[in-house]
Protein chains: 2
Amino acid sequence: MLKLPHKVCLSMKVDSFSDHDSLFAGLAKRVGARLLLASTSEVYGDPEVHPQSEDYWGHVNPIGPRACYDEGKRVAETMCYAYMKQEGVEVRVARIFNTFGPRMHMNDGRVVSNFILQALQGEPLTVYGSGSQTRAFQYVSDLVNGLVALMNSNVSSPVNLGNPEEHTILEFAQLIKNLVGSGSEIQFLSEAQDDPQKRKPDIKKAKLMLGWEPVVPLEEGLNKAIHYFRKELEYQA
Amino acid sequence: MLKLPHKVCLSMKVDSFSDHDSLFAGLAKRVGARLLLASTSEVYGDPEVHPQSEDYWGHVNPIGPRACYDEGKRVAETMCYAYMKQEGVEVRVARIFNTFGPRMHMNDGRVVSNFILQALQGEPLTVYGSGSQTRAFQYVSDLVNGLVALMNSNVSSPVNLGNPEEHTILEFAQLIKNLVGSGSEIQFLSEAQDDPQKRKPDIKKAKLMLGWEPVVPLEEGLNKAIHYFRKELEYQA
Ligand SMILES: NC(=O)c1ccc[n+]([C@@H]2O[C@H](COP(=O)([O-])OP(=O)(O)OC[C@H]3O[C@@H](n4cnc5c(N)ncnc54)[C@H](O)[C@@H]3O)[C@@H](O)[C@H]2O)c1
Ligand SMILES: NC(=O)c1ccc[n+]([C@@H]2O[C@H](COP(=O)([O-])OP(=O)(O)OC[C@H]3O[C@@H](n4cnc5c(N)ncnc54)[C@H](O)[C@@H]3O)[C@@H](O)[C@H]2O)c1
Ligand SMILES: O=c1ccn([C@@H]2O[C@H](COP(=O)(O)OP(=O)(O)O)[C@@H](O)[C@H]2O)c(=O)[nH]1
Ligand SMILES: O=c1ccn([C@@H]2O[C@H](COP(=O)(O)OP(=O)(O)O)[C@@H](O)[C@H]2O)c(=O)[nH]1
Ligand SMILES: O=c1ccn([C@@H]2O[C@H](COP(=O)(O)OP(=O)(O)O)[C@@H](O)[C@H]2O)c(=O)[nH]1
Ligand SMILES: O=c1ccn([C@@H]2O[C@H](COP(=O)(O)OP(=O)(O)O)[C@@H](O)[C@H]2O)c(=O)[nH]1
């Protein structure tokens with residue numbers, strides 16, 4: 001999902017399971033298919049519990065700048081379980097934590113793509129706030145394996161899919177700069193409003209019930225993403 | 001809104017600002033009208049902060065039995081502010097706390113109507129759980145005055161409208177039994193899942209910005225509701 005708050009907000013109608021999403025649920029019911037909701041760690045908001053497990057109710061500002069995405073996903077989960085209980089639709093809900101890899105959008109404003117592009121182009125790496133906020137990044141192939149395991153399981157309640165290796169954003173900036181071998185500066189910009197300060201998945205449930213855990217080391221994943229972005233820039237030039 | 005979880009859930013599409021609610025927003029924009037959202041104290045969920053003021057982000061289970069109503073209202077607020085910011089629609093958001101009065105539905109399962117009907121009919125007053133959970137009830141005419149004041153104000157952010165006089169549910173049962181002069185027993189049933197344990201509005205904002213506060217004493221309001229329900233039962237007999 002592109003991170004363009006001012007443009008995507010009214011597309012929340014899509015995230016929040018309106019028109020053609022209810023249509024998908026109707027279709028799923030008719031053909032007896034399982035519905036997968038690509039939910040998100042953002043349902044936990046700016047969490048007051050760390051790490052975040054599936055039974056945490058979250059800490060979301062319903063009218064803040066991130067609300068369209070966060071509340072849209074929360075209500076999409078609510079609707080999934082309404083369809084499950086009332087219409088018998090089979091649902092699987094993955095709460096996906098930050099994910100990256102080749103073929104992600106170059107300009108969607110997410111931190112990994114921003115930092116890699118900035119490092120490759122010799123531009124300053126833009127850290128919002130002090131950079132002490134944390135995230136835990138998973139490589140896309142781990143996520144895909146988790147989604148497949150979830151769809152093949154009997155687990156209809158929400159499951160976190162993410163890599164629990166947590167770093168500060170400043171550490172990410174330094175790591176990416178080093179992996180690229182870039183001479184870019186690190187530039188501190190103003191903090192983003194309602195930016196979650198800590199985020200890390202508790203993945204006990206996925207380990208226990210899906211036999212899943214991430215296996216791709218962070219540096220290996222980042223090198224693949226850097227390789228992809230380098231080629232893309234060459235191709236564009 | 002009728003409190004019939006198993007039936008109303010999929011009508012959340014209405015609460016959550018889908019099809020014809022977006023249409024209302026479109027209409028409001030076209031004719032330059034102000035949109036009033038009848039939001040609810042349920043956006044605060046089972047609150048961990050007491051009393052609840054408008055800047056509290058709430059504590060809501062996104063996949064619990066009350067989620068359809070709570071998350072539906074949260075996302076309706078989100079959508080209101082999206083329409084405000086992106087489309088320039090003027091919005092007013094009232095977070096309405098428990099309200100009662102004549103002409104409320106007899107059989108919607110809310111506590112005031114249940115207790116009054118039970119007391120009038122000599123049936124046991126059904127208290128869910130220990131009855132130590134609290135609510136604060138406002139009389140309908142106070143709410144209406146608050147809504148009018150809100151619509152005539154410049155306050156586009158959410159405003160609590162409720163009566164801060166807080167009582168336990170057991171106290172309500174005893175009070176209603178006494179006002180009716182009923183010989184009904186008080187019967188303790190099992191606790192409702194995710195039932196908010198404490199709820200009381202912080203109405204500083206409404207006092208300051210709307211010059212509003214509730215004026216109808218609880219007993220006076222209850223007597224009017226009891227009078228109405230008594231007549232309704234006579235009419236039905
Ligand atoms: N990337 C992450 O870190 C992350 C984290 C949590 C959740 N998610 C969720 O995972 C999902 C995918 O995220 P992503 O980062 O891969 O997004 P993306 O924007 O990279 O990919 C979305 C894809 O969906 C397609 N698409 C958009 N609207 C569509 C429609 N109406 N019908 C069919 N296809 C449509 C787009 O063309 C695009 O290929 C989203 O629901 C997102 O909210 C992603
Ligand atoms: N009563 C409370 O304590 C309370 C508390 C918080 C919020 N609210 C909110 O206030 C609003 C009114 O609540 P209420 O208790 O008076 O409900 P209610 O069920 O008594 O009244 C709702 C009214 O809306 C009408 N209605 C329903 N769907 C409609 C539609 N599509 N178009 C036009 N009219 C329609 C119904 O016929 C009914 O007259 C609701 O949005 C509710 O969520 C009520
Ligand atoms: O299964 C689908 C459903 C929709 N769309 C696309 O999603 C966009 C929005 O679709 P629609 O107009 O149905 O949604 P709405 O505008 O009502 O949110 C359009 O570009 C559609 O072509 C799609 O690619 N696949
Ligand atoms: O150029 C950027 C983009 C993002 N971030 C920060 O990186 C973290 C992750 O942001 P992203 O948008 O990638 O994902 P999300 O906030 O949804 O986890 C947040 O703390 C952002 O403030 C940053 O410092 N610089
Ligand atoms: O301004 C309105 C809009 C709708 N409705 C009624 O609300 C119900 C649902 O309307 P609609 O079919 O448009 O909504 P949906 O089923 O798509 O949620 C119908 O009984 C409509 O007659 C109404 O009374 N007033
Ligand atoms: O017959 C009843 C109906 C409700 N309640 C309790 O009364 C409180 C208010 O319930 P209501 O459904 O009226 O409103 P809400 O929970 O939405 O505030 C809750 O703690 C309910 O568990 C009760 O004890 N007996």
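The model is a predicted one, in which local features need pLDDT of at least 70 and side-chain atom pairs count only at pLDDT 80 or more, while totals for chains, interfaces and linings use all residues. Residues are numbered from 1 along each chain as its sequence is written, chains are lettered from A and ligands numbered from 1 in the order in which they are written, and side-chain values use heavy atoms, with hydrogens and water left out.

**Chain A in outline**

- Chain A has nine helices and nine strands. Both are DSSP runs numbered from the N terminus: helices are H or I with at least four residues, strands are E with at least two.
- Of its 237 residues, 53% count as buried. Buried means under 20% relative accessible area, exposed means over 50%, and partly exposed is in between (1.4 Å probe, protein chains only).
- Take the contacts in chain A between residues at least 6 apart in sequence: 81% of them join residues at least 24 apart. A contact here means heavy atoms within 4.5 Å.

**Helices α5 and α9 in chain A**

- How do α5(A) and α9(A) cross? The axes of α5 (residues 111-120) and α9 (residues 218-236) of chain A come within 10 Å and cross at roughly 60°. Axes are lines fitted to C-alpha atoms, for helices over the stretch in contact, and angles run from 0 to 180 degrees between N-to-C directions.
- α5(A) and α9(A) are therefore oblique to each other. Angles under 35 degrees count as roughly parallel, over 145 as roughly antiparallel, 65 to 115 as roughly perpendicular, and the rest as oblique.
- The crossing of α5(A) and α9(A) is right-handed. That term applies if the near helix is turned clockwise from the far one by less than a right angle, and left-handed if anticlockwise.
- On the α5(A) side, the contact is made by V112(A), S113(A), I116(A), L117(A) and L120(A). On the α9(A) side, look for L222(A), A225(A), I226(A), F229(A), R230(A) and L233(A).
- Sorted by class, the contact of α5(A) with α9(A) has nine nonpolar, one polar and one charged residues. Ala, Val, Leu, Ile, Met, Phe, Trp, Tyr, Cys and Pro count as nonpolar, Asp, Glu, Lys and Arg as charged, and the others, Gly among them, as polar.

**Helix α5 in chain B**

- Eight of the 10 residues of α5(B) are buried, so this helix is largely enclosed by the rest of the structure. The buried ones are V112(B), S113(B), N114(B), F115(B), I116(B), L117(B), Q118(B) and A119(B).
- What do the buried residues of α5(B) pack against? They pack against β3 (99-100), β4, α7 and α9 (218-236) of chain B.
- The axes of α5 (residues 111-120) and α7 (residues 169-180) of chain B come within 9 Å and cross at roughly 40°. That makes α5(B) oblique to α7(B), and the crossing is right-handed.
- V111(B), V112(B), F115(B), I116(B), A119(B) and L120(B) in α5(B) meet I169(B), F172(B), A173(B), I176(B) and V180(B) in α7(B). By class, that contact has 11 nonpolar, no polar and no charged residues.
- An α-helix has 3.6 residues a turn, so residues three or four places apart point the same way.
- After α5(B) comes G122(B), whose phi is positive, near 70°. G122(B) sits in the loop between α5 and β4 (125-128) of chain B and is exposed, with a relative accessible area of 52%.

- R95(A) lies in strand β2 (residues 90-96) of chain A and counts as buried at 1% relative accessibility.
- Which side chains does the R95(A) side chain make polar contacts with? Its partners include Y44(A), at 3.1 Å, and E77(A), at 2.6 Å. A polar contact is a pair of N or O atoms within 3.5 Å; within protein, one must be able to donate a hydrogen and the other to accept it, and residues adjacent in sequence count only if both atoms are side-chain atoms.
- P158(A), in the loop between α6 (140-151) and β7 (159-161) of chain A, is buried, with a relative accessible area of 2%. Leaving out residues up to four places away in sequence, P158(A) touches E54(A), E77(A), Y81(A), V93(A), R95(A), K205(A) and I63(B).
- R135(B) is in strand β5 (residues 134-136) of chain B and is buried, with a relative accessible area of 7%. A polar contact of 2.9 Å joins its side chain to that of D195(B).
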